[in-house]
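Please keep the model in view while reading.

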Amino acid sequence: MKKTRNITVLGAGSWGIAIANLLNKNSHDVSMWEFDLEVCSRLQQNRELPAKLPGIKIEESIIIENDLTKATKSAEFVFCAVPAQYLRSALANSLLLKSGARPVFVNLAKGIEVGSLKRMSEVIGERVPAGIRSGICTLSGPSHAEEVARDIPTAVTVASNNIEIAEKVQNLFLTPNFRVYATNDLVGVELAGSLKNVIALAAGMLDGLNLGDNTRGALITRGLAEIVRLGIKLGADPMTFSGLAGIGDLVTTCLSKHSRNRHVGDLIGCGQKLAEILKGMSMVAEGVETTRSARELALKNDVEMPITFEVYKVLFENKPPQTAIGDLMGRDQKHEKWD
Ligand SMILES: NC(=O)c1ccc[n+]([C@@H]2O[C@H](COP(=O)([O-])OP(=O)(O)OC[C@H]3O[C@@H](n4cnc5c(N)ncnc54)[C@H](O)[C@@H]3O)[C@@H](O)[C@H]2O)c1
């Protein structure tokens with residue numbers, strides 16, 4: 001028989017709400033933590049977030065909290081749906097860390113921390129007791145909140161260095177329309193989920209410039225090649241990039257109307273400036289900051305990532321995207337290989 005678990009979701013944005021509803025419908029006791037007091041009160045009153053998930057109600061039995069200690073008090077599983085660049089500070093004051101509790105942490109964010117260049121499981125690892133570090137998980141794959149919240153069939157991957165813990169997380173989701181695979185390639189799954197957002201920004205730029213399917217196909221394929229290159233250097237299993245967290249998420253994000261990263265790229269392709277685009281957005285586009293981290297990681301590890309470098313120049317050095325494409329097309333002739 002299915003066991004009911006105590007689960008806390010940190011971050012009541014679109015992904016946090018979609019995952020909280022999913023777990024709640026699957027009979028778990030779910031609490032959600034929202035750091036912004038005003039947003040939290042509105043969520044408690046209205047039980048919806050129309051700007052991000054129109055038409056979706058937060059299930060009545062989900063507790064919504066602004067107090068992190070209360071929200072995590074009896075958690076057996078803590079899902080982190082806070083954007084990558086804020087996860088460290090969100091976990092900084094967690095009294096849970098002093099209480100002797102030993103929950104499983106599951107990262108849901110897709111990004112690499114600027115400055116430290118750490119993956120999210122590494123960031124969480126620096127904030128939780130040593131005894132639970134080896135069981136930290138990341139759940140990733142093609143999974144737009146807008147679709148998961150409407151119960152559209154979705155398949156994702158959960159990764160942990162400890163495969164038995166990954167299987168425990170897998171078991172939380174015995175739902176007809178959300179299928180979870182397990183793997184022990186934490187490095188590969190986290191890199192794949194983070195770096196695809198950089199390529200999605202580029203895919204949006206192509207759309208904004210009204211280029212064609214050939215160009216998009218070339219971008220996705222060569223984008224994957226450079227993700228794999230960095231992944232291998234950092235210890236990932238190259239086959240992970242052929243899976244749901246790899247090509248699955250990359251293709252979905254590069255083609256999707258829901259992707260914020262693709263959308264930001266699209267507006268840049270249409271001639272808008274990054275600063276004005278971000279000013280008008282209420283939701284996080286992780287690829288923007290992760291482009292900085294990805295470029296740094298490539299430089300540090302001596303890995304060729306030409307698309308990532310061009311996206312960086314377009315975003316942060318005002319290079320026109322059309323010129324960036326010309327420079328990519330005009331690179332030295334190469335053999336098509338993956339290392
Ligand atoms: N939306 C999706 O479809 C989806 C799917 C898979 C993964 N993700 C990943 O999940 C993460 C969250 O995405 P989202 O779509 O829910 O974002 P969102 O912008 O909808 O919500 C972000 C949440 O984080 C909170 N937050 C912001 N700054 C914070 C801070 N300093 N401290 C604590 N909390 C803070 C916000 O209040 C909000 O609750 C991202 O890394 C994203 O890539 C999103």
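In this predicted model, 30 residues of domain 1 are in contact with 29 residues of domain 2. Domain 1 covers residues 6–184, and domain 2 covers residues 187–329. Taken over C-alpha atoms, the centres of domain 1 and domain 2 lie 25 Å apart.

The area buried between domain 1 and domain 2 is about 2,400 Å², and 63% of it falls on carbon and sulfur atoms. On the side of domain 1, the residues that lose the most area to domain 2 are Lys-110, Ile-112 and Leu-117, which together account for 26% of what that side buries. Charged groups also meet here: two salt bridges are found across the interface of domain 1 and domain 2. Elsewhere in this account of charged pairs, a salt bridge joins Glu-190 to Arg-119, with the closest N and O atoms 2.6 Å apart.

Attention now turns to two helices. Helix H9 spans residues 213–233 and helix H10 spans residues 244–255; their axes come within 11 Å and cross at roughly 140 degrees. The crossing in which H9 passes H10 is right-handed. From H9, the contact is made by Arg-216, Ile-220, Leu-224 and Ile-227, while H10 contributes Ile-247, Leu-250, Val-251, Cys-254 and Leu-255.

Technical notes:
Residues numbered from 1 in each chain as written. Predicted model: local features only at pLDDT ≥ 70, side-chain atom pairs only at ≥ 80, totals over all residues. Heavy atoms only, no water. Axes fitted to C-alpha atoms, helices over the stretch in contact; angles between N-to-C directions. Helix = DSSP H or I, 4+ residues; strand = E, 2+ residues; numbered from the N terminus. Left-handed = near helix turned anticlockwise from the far one by under 90°. Contact = heavy atoms within 4.5 Å. Domains from an automatic or database assignment. Buried area = accessible area lost by both parts, 1.4 Å probe. Salt bridge = Lys/Arg side-chain N within 4 Å of Asp/Glu carboxyl O.
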